[in-house]
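The report below concerns helix packing and strand pairing in one protein model. Please read it alongside the sequence and the coordinates.

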Amino acid sequence: MARPKPHHPLFRGLFRHTVAVDLGTANTLIYTDDGGIVLNQPSVVCFQKHQQAGQKRVAAVGSEAKQLLGRAPNNLETVRPMRHGVIANFSAAEHMIRQFVDMARPRPFFGRRAAFTICVPAGATQVERRAIKEAAVAAGAWKVSLIGESLASAVGAGLPVSSATGSMVVDIGGGTTEVGVIALGGMAYNGSIRVGGDQFDSAIVNYVRNVYGVLLGEQTAEHVKKTIGSAMRDVPLERMNATGRSVDDGLPRTVEINNHDIADAIDGPLRHVIGAVKTALESAPAELVTDIANTGIVLTGGGALLANLGRRLTAELGLAVRIADEPLTCAVRGAGAAAEAGLLDDLVYE
Ligand SMILES: Nc1ncnc2c1ncn2[C@@H]1O[C@H](COP(=O)(O)OP(=O)(O)OP(=O)(O)O)[C@@H](O)[C@H]1O
Ligand SMILES: [Mg+2]
């Protein structure tokens with residue numbers, strides 16, 4: 001029997017289903033209008049090696065694959081397909097999206113044939129945008145719209161995006177920091193730098209190697225950052241142990257690290273983030289900057305959870321800072337809400 005085409009009225013209703021996807025450097029989230037957040041997994045995929053050419057078999061995806069990062073046996077290859085919010089490995093991204101869509105599918109008609117709204121960083125090039133669309137289509141999406149991550153995050157953080165009063169949102173993700181100034185439902189300023197949590201982790205790896213002569217894995221560095229990381233040094237001392245490989249003899253060695261070390265370690269990438277916010281304040285229209293001086297700025301993305309970040313930004317910029325509720329899910333919830341409301345159509349890049 002011939003399959004009904006998507007433009008059949010009944011099916012158009014089914015396809016009008018909102019599916020929002022935040023394909024992030026660190027985490028991928030999928031939101032549907034009826035199920036809320038139906039998937040929240042690390043953006044990692046693990047392939048079985050030694051397959052025939054062109055026949056990649058996925059061995060694990062998401063949190064299962066993340067556990068294998070840096071510790072996969074020889075017959076497995078673990079890949080993070082996204083870098084700085086854009087696709088770095090097309091085929092891996094396509095496989096990963098396909099698996100995630102399958103995992104998220106609550107009902108038979110969802111997924112392969114749904115229209116997707118996907119968050120992209122403002123700094124993504126046309127080529128990078130096209131790659132994201134094509135990967136989603138290859139993974140089965142019927143139609144793909146892209147939405148700027150700042151705007152999606154602002155909506156998800158509950159900012160009054162349609163009001164004449166300017167708001168500023170700073171989304172600190174795994175591989176990008178996006179700064180957006182929004183008023184009257186439009187972006188008055190949108191900036192994106194390729195610095196995020198990954199760069200904080202590498203800064204910690206470099207610091208511990210230089211100061212203690214121990215090479216930590218990226219995952220260990222991330223764990224240290226989440227446990228005792230601080231954006232400021234003037235805090236009570238906290239310590240923890242971390243194990244890596246000694247650069248002298250190559251043997252495992254455990255070192256005690258404290259939160260003051262981490263504050264020093266991540267100061268470089270943190271200054272880039274603060275610089276991006278300063279540039280936004282210098283470049284956005286003066287009236288809106290006045291509004292922001294009154295209302296303050298809102299932080300979203302996983303990086304917003306770095307301890308004392310709000311206080312550091314306030315100290316450097318003289319502005320009030322609020323951390324959004326559930327900062328890790330703001331972008332996908334906002335993209336879903338924007339798509340559902342048919343809101344801000346001109347801001348959704350076709
Ligand atoms: N408590 C915490 N303290 C510091 N950093 C954290 C904390 N929790 C999560 N992070 C960091 O947040 C980052 C992930 O955030 P998020 O999921 O918003 O990124 P993403 O959307 O995948 O990336 P991008 O938007 O850059 O593509 C990771 O680098 C992670 O280490
Ligand atoms: Mg993000």
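In helix α3, F90, A93, E94 and I97 meet A131, A135, A136 and A138 of helix α4, where contact means that C-beta atoms placed from the backbone lie within 7 Å. By class this contact of α3 with α4 holds seven nonpolar, no polar and one charged residues; Ala, Val, Leu, Ile, Met, Phe, Trp, Tyr, Cys and Pro count as nonpolar, Asp, Glu, Lys and Arg as charged, and the others, Gly among them, as polar. This is a predicted model, in which local features need pLDDT of at least 70 and side-chain atom pairs count only at pLDDT 80 or more, while totals for chains, interfaces and linings use all residues. Residues are numbered from 1 along each chain as its sequence is written, with chains lettered from A and ligands numbered from 1 in the order in which they are written.

Two packed helices are described by the angle between their axes and the distance between the axes. The axes are lines fitted to C-alpha atoms, for helices over the stretch in contact, and angles run from 0 to 180 degrees between N-to-C directions. Helices (H or I, at least four residues) and strands (E, at least two) are DSSP runs, numbered from the N terminus.

| Helix pair | Angle | Axis distance |
|---|---|---|
| α3 (residues 90–104) and α4 (residues 126–138) | about 45° | 8 Å |
| α9 (residues 267–283) and α11 (residues 309–317) | roughly 50° | within 11 Å |

The angle therefore makes α3 and α4 oblique to each other, and α9 is likewise oblique to α11; under 35 degrees counts as roughly parallel, over 145 as roughly antiparallel, 65 to 115 as roughly perpendicular and the rest as oblique. For α9 and α11, the contact is made by I274, V277 and K278 on one side and L313, E316 and L317 on the other, and these residues divide into four nonpolar, no polar and two charged.

The strands form a second topic. In β12 (residues 177–183), seven of seven residues are buried, that is, 20 or more other C-beta atoms lie within 10 Å of their own. T177, V179, V181 and A183 point one way from β12, while E178, G180 and I182 point the other way. Strand β11 (residues 167–172) pairs with β12 in the antiparallel sense over six bridges, pairing requiring at least two DSSP bridges, and V170 stands opposite V179. β12 also pairs with β13 (residues 186–193), in the antiparallel sense over seven bridges, with G180 opposite N190. The β11 and β12 hairpin has four residues between the strands, whereas that of β12 and β13 has two, and there L184 takes a positive phi near 50°.

Definitions and conventions. Contact = placed C-beta atoms within 7 Å. Buried ≥ 20, exposed ≤ 12 C-beta atoms within 10 Å, placed from the backbone.
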